[in-house]
Amino acid sequence: CGVFGVIGVADAASFVALGLHALQHRGQEAGGIVTYNPEGGFHQARRMGYVRDNFTSREVIDTLPGAIGVGHVRYSTSGDKGPAVIRNVQPFFGEFAIGGAAIAHNGNLTNAVALRRELIERGSIFQSSSDTECIIHLMARSMGRTLVDRMEDALRKVEGAFSIVAMTRTKLVGVRDPLGIRPLVLGKLGAGWVLASETCALDIVGAEFLREIEPGEMVVISAEAGVESFFPFRPRKPRFCIFEHVYFSRPDSLIAGRSVYETREAIGRELARETPVEADLVCPVPDSGTPAAIGYARESGIPFGMGIIRNQYVGRTFIEPTDQIRNMGVRLKLNVNRALIRGKRVILVDDSVVRGTTSRKIKEMVLDAGAREVHFRIASPPTAWPCFYGVDTPNREKLLAATMSEEEMRQHLGVDSLRFISLDGLYRAVGEAKGRDPHAPRFCDACFSGEYPVAPADMLEQGFEM
Ligand code: 5GP
Ligand code: SF4
Ligand code: MG
């Protein structure tokens, strides 16, 4: 998901809408905005579908007055999926005895099922099936004097991944979980301030990037006091999601001072060094495989070409929630550039193989177009484990790499060769010169390694075996 918040600028809602539009790649199912103004109180609009279709008209934006606002774009990783679930669309809003608060959350809580059960036993009435709603109920039960105290209280009880942008009448709040699994950045916009999942959302509103919110940090921003910083949790070694570098973040965003594009190109170079093959053409599977393919081509000296063309008007296939749509998705989205491919030995570079749906379809299309050989090169290690921290990987059984060896996957996909970057190679490419330290890895890489930095309590209770 993507989160965005702003304080201290007139017409906050238009800035939130723009920010969410820049974060649309993080969630395309739905979006919502909450604002506050002293005359009218809290205002909210939550809609299914794209930001550009819902939040660009004056008609809608004018229903969201105020100089403070938060927003969310949703990609369902928890709660009911499917089209008609407006009640799961964030930001969630709670009206407490001491005032209202709205919360937008990116990530996934790993103990939400257990918390919900306890809360319901003690009388809470849930409106949604989303993990995030627990935070509202925990705040309602907290004895904290201020809403920020209550939020702090609530967040000490939740586990898992959370990058949160929240607001009260007068304060904008940003929080990252102690491991800092999901990103969150702070920017300055005129006299005001911005919080966003990624720096690309600061760029679109013309905000200046100040810094990342640190793992375990809570910032409270108000007109009077500016930015105040707290560290409410027990300190832990950070474990940022390594897959943000590979796929999730936008290439024009900065993470740890480096552009994601540059990192992906470095991943492609590392991949070329680790898995060379003789061929005539390096082709990205667009768009997510493109920077890595450029790196692969530069390092190997094999010409780069756009052998697969993407229709710009279709979203990311993986994010569509049902298998049926996902299966059609590949053809809706990608087509082969026959003239370029015919008679060639082609290296296809993609960011990841999950179910293998994309790779299988693409291989067929490329062979139909007359390719002589097809070699897959993947910019991440085999995805053998599900993510419980906010990326919608399927159950283990559906993950190709969970049940098959690399050679079996190669046969299943029907390609001449299939190679993945090593986990060490991936660490090197993201800037860890020595590779992955097995005793203290710097990132979360659970979907590749099976080593979960936060025990997925709810899943373990449901019988998941680590
Ligand atoms: P598959 O078709 O193998 O199930 O999925 C792999 C494709 O889905 C890749 O092209 C990748 O770009 C895309 N993708 C989109 N969202 C995700 C995600 O959340 N996780 C992973 N691993 N791949 C994703
Ligand atoms: Fe990221 Fe994978 Fe960890 Fe999920 S399991 S947070 S996708 S590295
Ligand atoms: Mg892709």
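## Surroundings of S288

Apart from its neighbours within four places in sequence, S288 is in contact with Y247 and D351; two residues are in contact if their C-beta atoms, placed from the backbone, lie within 7 Å. S288 is located in the loop that separates β17 (281–284) from α10 (290–300). Helices (H or I, at least four residues) and strands (E, at least two) are DSSP runs, numbered from the N terminus.

S288 is buried because 23 other C-beta atoms lie within 10 Å. A residue is buried if 20 or more other C-beta atoms lie within 10 Å of its own, exposed if 12 or fewer, and partly exposed in between, with C-beta atoms placed from the backbone.

## Basis of the model

This is a predicted model, in which local features need pLDDT of at least 70 and side-chain atom pairs count only at pLDDT 80 or more, while totals for chains, interfaces and linings use all residues. Residues are numbered from 1 along each chain as its sequence is written, and chains are lettered from A and ligands numbered from 1 in the order in which they are written.

## The annotated binding site

An unreviewed UniProt entry places the feature "binding site" at S288, D350 and D351. These positions are spread over 64 residues of sequence, yet they cluster in space, with a largest C-alpha distance of 6.8 Å. UniProt positions follow the numbering used here, feature names are shortened, and annotations may be inferred rather than shown by experiment.

D351 belongs to the loop between β20 (345–350) and α13 (357–368). D351 counts as buried because it has 24 C-beta neighbours inside 10 Å. Beyond four places in sequence, the contacts of D351 include V246, Y247, S288 and G289.

## The parallel sheet

An open sheet is formed by 4 strands in the order β17-β20-β21-β22, with parallel pairing. Two strands pair if DSSP finds at least two bridges between them. β17 and β22 (417–420) stand at the edges, each with a single partner strand, so one side of each has no neighbour in the sheet.

Within the sheet, β20 and β21 (residues 373–378) pair in the parallel sense over 6 bridges. L348 has F376 as its bridge partner in β21.

## The antiparallel strands

Strand β9 (residues 185–189) pairs with β11 (residues 208–212) in the antiparallel sense over 4 bridges, and V185 stands opposite E212 in β11. β9 is also joined by 5 bridges to β10 (residues 192–196), again running antiparallel; here the bridge partner of V185 is A196.

β9 and β10 form a hairpin with 2 residues between them, and G190 in the turn has a positive phi of about 55°.
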